[in-house]
Amino acid sequence: MIVQLCPPNDRLTRPLADAGETDATAADSLLLYDGTIVHLGTLGTAIAELAEQPIGIETLAHELQQRFGAPPEDLLKATHEAVAHLIDQAVLQVVDSGDPSAELGWQVSERAAYVASSPERVVVLNLDRPAEQPLAILGSGAAIWHELMPPEGTLERPIRRDSELLERLAERYGCAQESISADVQNFLAELVDRGLIQRSTDVAGTTQAMPPSREAPPGRPGSQ
Amino acid sequence: MDSGGAESGAASDRLRISGIGASVDLRPVGAHAPQLLGHLRRLWARCLSHAGSESAATLTVNLAEGHADLPRTPNALEIVGSDLSLLLERTTQAITSALIAARAGKLLMFHAGGVSHPVTGKSLVFVAESRTGKTTLAKLLATQLGYLSDETIGIDEELRIHPYPKPLSVRSDDGHAREEISPDALHLLPAHEQPTLSRLVILDRNPSHLGPPQVEEIDLFDAIITLAPQTSSLSALPQGLQRIADLVAHTGSVLRLRYAEAQSLVPLATELIGAPA
């Protein structure tokens with residue numbers, strides 16, 4: 001689920017007198033909507049700030065944990081409850097109730113070393129699995145890898161959403177996205193299996209790797 | 001003087017009425033128009049406009065026998081009824097609605113009464129829900145302090161108050177019927193020429209309250225939450241919440257006054273804006 005702040009007519013935010021060890025900055029806030037004022041506490045204020053732009057529940061939960069620490073109960077459940085309350089108050093709106101990972105993108109793993117000798121050929125190795133053969137990626141696979149590489153002159157590994165990847169590849173090969181979607185997904189799944197890419201989100205300029213949905217099988221050669 | 005007629009700024013069959021910095025035209029129609037015009041001119045004497053003001057709307061008032069008295073309809077431009085007292089009360093409400101609509105998005109407007117110091121212009125504004133003591137307090141305080149309004153106070157960014165010295169809706173002695181009475185008939189003092197907000201208070205009248213008024217400073221957010229339902233068009237005002245916060249920053253915490261009798265607030269009022277000379 002992706003939610004976003006319903007823009008208020010005006011907002012007043014009070015700073016926290018003693019922020020202590022947490023990263024929280026606001027004590028509470030007032031949001032003015034047509035005919036009503038909503039008073040948000042520290043948590044609600046933080047959620048409203050984080051949801052200025054559309055944000056997924058998982059990302060939100062992660063950010064809240066960064067600021068406030070882990071809640072006594074389940075983090076995601078607690079976030080869902082807080083969000084549900086804010087939706088009831090018409091402070092948040094649901095932008096997309098679909099795939100919870102919809103806002104996630106693909107990113108090259110930090111532990112992936114690679115040599116891109118040409119647009120058509122890339123050799124990739126998982127540094128955590130030195131015993132494995134390096135993977136040689138050719139042709140359209142190399143094109144996908146190139147999309148995930150830092151743009152010319154930068155070091156930051158970009159995050160590409162599925163839709164974005166499909167769009168670029170379809171454009172490059174002059175074909176319909178639907179016709180390549182399955183192949184692309186299979187290839188990406190293989191890269192995930194090899195620990196070469198991961199699902200990530202980009203929040204306020206910081207990259208957050210999401211917990212892997214598929215654990216590497218235990219006892220794989222070279223894994224610690 | 002405007003060249004348009006006997007009434008400054010308006011034709012002679014109508015009155016141009018100004019309050020909270022806006023104007024509306026009031027035009028009695030029907031068989032009793034001349035009689036109505038006389039009533040209205042007397043009641044609204046303090047709001048009759050100077051030349052040059054622009055009318056935001058024209059309201060017609062018609063005293064017509066056999067006509068059902070309409071329920072209160074905000075934003076009505078035609079006020080019709082067979083009972084004079086009720087018609088005049090509805091007219092006051094319609095004028096207030098039209099003036100508020102004209103100032104939406106420009107002034108911070110409260111359901112409030114207000115009085116100004118006759119010399120300094122320092123003003124006390126008392127916010128309260130309808131029929132919970134504004135008129136009674138205005139009527140009492142304005143015998144020594146200038147009458148600004150008993151219903152609607154409009155405040156601009158420089159904390160200047162735009163007066164609205166409307167007729168007061170006063171309960172008759174039997175406690176049931178209400179009557180519109182002009183501030184002149186009640187011998188209320190005129191407003192200062194440039195009234196400026198000095199303090200905002202919230203009235204909390206409770207007939208069972210004992211002893212002297214209880215004065216409580218209210219936390220800013222609590223004050224805003226309490227005040228918001230007593231504002232008009234707050235959402236239309238750019239940075240409406242900030243406007244209230246700025247107002248409080250300049251005039252001090254909003255005070256909640258718990259009291260039983262309006263008379264008991266007189267010393268406090270003079271303490272807040274200064275005793276009249």
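What follows is a walk through the chain contacts, the salt bridges and the ring pairs of this predicted model. Residues are numbered from 1 along each chain as its sequence is written, with chains lettered from A and ligands numbered from 1 in the order in which they are written. Because the model is predicted, local features need pLDDT of at least 70 and side-chain atom pairs count only at pLDDT 80 or more, while totals for chains, interfaces and linings use all residues; side-chain values use heavy atoms, with hydrogens and water left out.

Chain B is a handy place to start. Its secondary structure comes to six helices and 15 strands, taken as DSSP runs numbered from the N terminus (helices are H or I with at least four residues, strands are E with at least two). Of its 277 residues, 52% count as buried; here buried means under 20% relative accessible area, exposed means over 50%, and partly exposed is what lies in between, with a 1.4 Å probe and protein chains only.

On to the interface. The size of an interface is often given as the accessible area lost when the parts come together. For chain A and chain B that buried area is about 1,100 Å², and 72% of it falls on carbon and sulfur atoms; the figure is the accessible area (1.4 Å probe) that the two parts lose on being put together, summed over both. Chain A puts 16 residues into the contact and chain B puts in 13. The rule for polar contacts finds five residue pairs across the interface, both residues at pLDDT 80 or more. A polar contact is a pair of N or O atoms within 3.5 Å; within protein, one must be able to donate a hydrogen and the other to accept it, and residues adjacent in sequence count only if both atoms are side-chain atoms. On the side of chain A that touches chain B, strand E2 (10-15), strand E3 (26-33) and strand E4 (36-40) each supply at least two residues, and E3(A) gives the most, with six.

One is A:Arg14, whose side chain meets that of B:Asp219 in a salt bridge at 2.9 Å, N to O. The count of salt bridges between chain A and chain B is one, a salt bridge being a side-chain nitrogen of Lys or Arg within 4 Å of a carboxyl oxygen of Asp or Glu. The charged end of A:Arg14 also sits over the ring of B:Phe221, 3.7 Å from its centre (the rule asks for NZ of Lys or CZ of Arg within 6 Å of the ring centre and within 35 degrees of the ring normal). The other spot is B:Ser235, found in the loop between strand E14 (231-232) and helix H5 (240-251) of chain B. B:Ser235 counts as buried at 17% relative accessibility, and its side chain reaches the backbone oxygen of A:Tyr33 at 3.0 Å. Leaving aside residues up to four places away in sequence, B:Ser235 touches A:Asn9, A:Leu32, A:Tyr33, A:Asp34 and A:Gly35.

Over all chains the salt bridges number 22. In chain A, A:Glu164 pairs with A:Arg160, the closest N and O atoms being 3.3 Å apart; A:Glu164 is partly exposed at 26%, whereas A:Arg160 is buried at 12%. In chain B, B:Asp156 and B:Arg160 meet at 2.9 Å, with B:Asp156 buried at 10% and B:Arg160 partly exposed at 38%. B:Glu216 and B:Arg256 form another salt bridge, at 3.5 Å. B:Glu216 lies in strand E13 (residues 214-218) and B:Arg256 in strand E15 (residues 254-259), so the pair ties together parts of chain B that are 40 residues apart in sequence. B:Glu216 is partly exposed at 28%, and B:Arg256 is buried at 17%. Elsewhere, B:Asp13, B:Arg14, B:Arg16 and B:Asp25 are joined into one network by salt bridges that share partners.

Finally, the rings. Rings of Phe, Tyr and Trp (its six-membered ring) pair if their centres lie within 6.5 Å; planes under 30 degrees apart count as stacked, over 60 as edge-to-face and the rest as tilted. That rule gives two aromatic pairs over all chains. In one of them, A:Tyr114 and A:Trp145 have ring centres 5.5 Å apart and planes at 70°, so the pair is edge-to-face. A:Tyr114 sits in strand E8 (residues 112-118) and A:Trp145 in helix H4 (residues 139-148), so parts of chain A that are 31 residues apart in sequence are tied together. A:Tyr114 is partly exposed at 29%, while A:Trp145 is buried at 0%.

Note on methods
Contact = heavy atoms within 4.5 Å.
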